[in-house]
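Here is a short briefing on the fold, strand by strand and helix by helix. Keep the structure open while you read.

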Amino acid sequence: MKRRPLADLAAAVDDGDVVALGGKTLHRAPMAFVRELARRDVSDLTLMGLANSMDVDLLCGTGQATAVHYGYVGFEALGLAPNFRRRVEADEVDAREGTCYTVATMLRGAKQGFLSSPSPAWRGATCWT
């Protein structure tokens, strides 16, 4: 596996891209990468993740995220992610809530080249709309 600087990875993200973020709420979030994205002039991002926190909240706070496919976005016992919540309530972020399983199934389907999710839970829904 080839290693690349985080700045190079962030530079590969273009306006309108879909970015899948790993981690589990406040643990193992890819914050160094997310901070590199936040420093860039990139916009209209669709974020995907199972259980996110600071990562999604930061990109919502900078105005770079316009849609989020998620199972959960919050700070566990500390409450909901404030930037995410504010932007969703203002209709500035398209919140596409699902279960962690359905988001994982969407990611798996996209990796395998499917445009729609092979899950009965998402019958008729496409991965990106």
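**Strand pairing and helix packing**

Strand β1 (residues 18–20) pairs with β2 in the parallel sense, over 3 bridges. Within that pairing, A20 sits opposite M48 of β2. Between the two strands the chain passes through helix α2 (residues 31–39), and this β-α-β crossover is right-handed. Bear in mind that this is a predicted model.

**The sheet**
- The sheet is open and has 4 strands, in the order β1-β2-β3-β4, with parallel pairing.
- β1 and β4 are the edge strands, as each of them pairs on one side only.
- On average, neighbouring strands are turned by 20 degrees against each other, direction ignored.

**Strand β2 and its link to β3**
- β2 spans residues 45–52 and is mostly covered, with 7 of its 8 residues buried.
- Strand β3 (residues 65–73) runs parallel to β2, and 7 bridges join the two.
- A51 has Y72 of β3 as its bridge partner.
- N52 stands opposite V73, also in β3.
- In a regular strand, side chains alternate between the two faces of the sheet.

**Helix α3**
- Helix α3 (residues 54–61) forms a right-handed β-α-β unit together with β2 and β3.
- α3 lies across β2 and β3.
- The angle between α3 and β3 is about 160 degrees.

**A38 in helix α2**
- Which helix holds A38? A38 is found in helix α2.
- Its relative accessible area is 25%, so A38 counts as partly exposed, the class between under 20% and over 50%.
- Leaving aside neighbours within four places in sequence, A38 is in contact with L58, L59, T62 and Q64.
- A38 and C60 are 22 residues apart in sequence, and their C-alpha atoms are 9.7 Å apart in space.

**Helix α4**
- Which residues of helix α4 (residues 82–89) are buried? N83, F84 and R87 are.
- Seen down the axis of α4, the buried residues fall within an arc of 100 degrees, so they line one face of the helix.
- These buried residues pack against α3, β3 and β4 (94–97).
- α4 lies across β3 and β4, running at about 120 degrees to β3.
- D91 follows α4 and has a positive phi, near 60 degrees.

Definitions and conventions
Residues are numbered from 1 along each chain as its sequence is written. This is a predicted model: local features need pLDDT of at least 70, side-chain atom pairs count only at pLDDT 80 or more; totals for chains, interfaces and linings use all residues. Side-chain values use heavy atoms; hydrogens and water are left out. Buried means under 20% relative accessible area, exposed over 50%, partly exposed in between (1.4 Å probe, protein chains only). Two strands pair if DSSP finds at least two bridges between them. A crossover is right-handed if, with the strands pointing away from the viewer, the path from the first strand over the helix to the second runs clockwise. Contact means heavy atoms within 4.5 Å. The arc is that of the directions from the helix axis to the C-beta atoms. Axes are lines fitted to C-alpha atoms, for helices over the stretch in contact, and angles run from 0 to 180 degrees between N-to-C directions.
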